[in-house]
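User: I would like to learn how to read a few features of a model. Please take me through them one at a time.

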Amino acid sequence: MKFTKTLKLATAAGALLLSSMSYAASVNIGTNDVAIHGYDPVAYFTNDKAVEGSAKFTATHDGAIYRFASAKNRDLFNANADKYAPQYGGYCAMGVALNKKLDVDPKAFHIENGKLYLNLNKDVQKKWLTDVPGNLKTADRIWAGIEDLSVAAANAED
């Protein structure tokens with residue numbers, strides 16, 4: 001009886017550890033679990049530009065901490081986080097289309113059909129913008145296969 005209970009606890013703990021590891025891999029977070037390098041995800045939609053957030057206004061979504069320039073933006077995010085959170089867990093959209101998980105430059109962004117896409121840098125963004133519909137189709141298909149992979153596993157050479 002005692003062994004069975006211990007085994008159940010160990011199994012539950014292992015499952016929790018594995019799920020949290022894959023969960024963390026699906027979102028691009030930096031120091032202290034902060035997403036988008038501390039930029040405000042709502043400002044991309046309301047200001048049409050990258051705006052740094054403040055540690056004073058934060059919200060958590062999918063295991064990541066998002067910062068906001070104002071309480072109003074934080075509240076908008078909390079009301080509909082999926083609307084404002086970047087696609088592909090905040091990894092570079094072009095990188096995902098190329099089967100990679102790459103970091104982003106928060107200033108290299110594009111909103112398409114009400115969704116936020118970030119890129120590694122402005123040069124990569126130019127490539128992304130040459131065929132947004134085609135790149136989205138490819139990235140959506142690939143994301144399903146790499147979302148739960150660690151960055152190292154996703155970026156490993158075949």
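**Confidence first**

Analyst: Over residues 3-23, pLDDT stays under 50, and the model has 3 contacts beyond four places in sequence for this stretch. pLDDT is the predictor's confidence in each residue, from 0 to 100. Contact means heavy atoms within 4.5 Å. This is a predicted model: local features need pLDDT of at least 70, side-chain atom pairs count only at pLDDT 80 or more, and totals for chains, interfaces and linings use all residues. Residues are numbered from 1 along each chain as its sequence is written, and side-chain values use heavy atoms, with hydrogens and water left out.

User: What is the mean pLDDT of the protein chain?

Analyst: The mean is 88, and 84% of the residues reach 70 or more.

User: How do I read salt bridges, and how many does the structure hold?

Analyst: Side chains of opposite charge can pair when their charged atoms come close. The criterion is a side-chain nitrogen of Lys or Arg within 4 Å of a carboxyl oxygen of Asp or Glu. The structure holds 2. One joins the side chains of Lys100 and Glu157 at 3.6 Å, N to O. Lys100 lies in the loop between α5 (93-97) and β3 (105-112), and Glu157 in the segment after α8 (151-155), so the pair ties together parts 57 residues apart in sequence. Helices (H or I, at least four residues) and strands (E, at least two) are DSSP runs, numbered from the N terminus.

User: Is Glu157 buried or exposed?

Analyst: Buried means under 20% relative accessible area, exposed over 50%, partly exposed in between (1.4 Å probe, protein chains only). Glu157 is exposed at 68%. Lys100 is partly exposed at 21%.

User: Which side chains meet in a salt bridge at 3.2 Å?

Analyst: Arg74 and Asp75, N to O. Arg74 is partly exposed at 22%. Asp75 is partly exposed at 43%.

User: How do I read helix packing? At what angle do α6 and α7 cross?

Analyst: Axes are lines fitted to C-alpha atoms, for helices over the stretch in contact, and angles run from 0 to 180 degrees between N-to-C directions. Helix α6 (residues 122-129) and helix α7 (residues 132-146) have axes that come within 7 Å and cross at roughly 100 degrees. That makes α6 roughly perpendicular to α7 (65 to 115 degrees; under 35 is roughly parallel, over 145 roughly antiparallel, the rest oblique). Lys127, Trp128 and Leu129 of α6 meet Val132, Asn135 and Leu136 of α7.

User: What does Leu136 touch, not counting residues up to four places away in sequence?

Analyst: Tyr88, Glu112, Tyr117 and Trp128. Leu136 is buried, at 11% relative accessibility.
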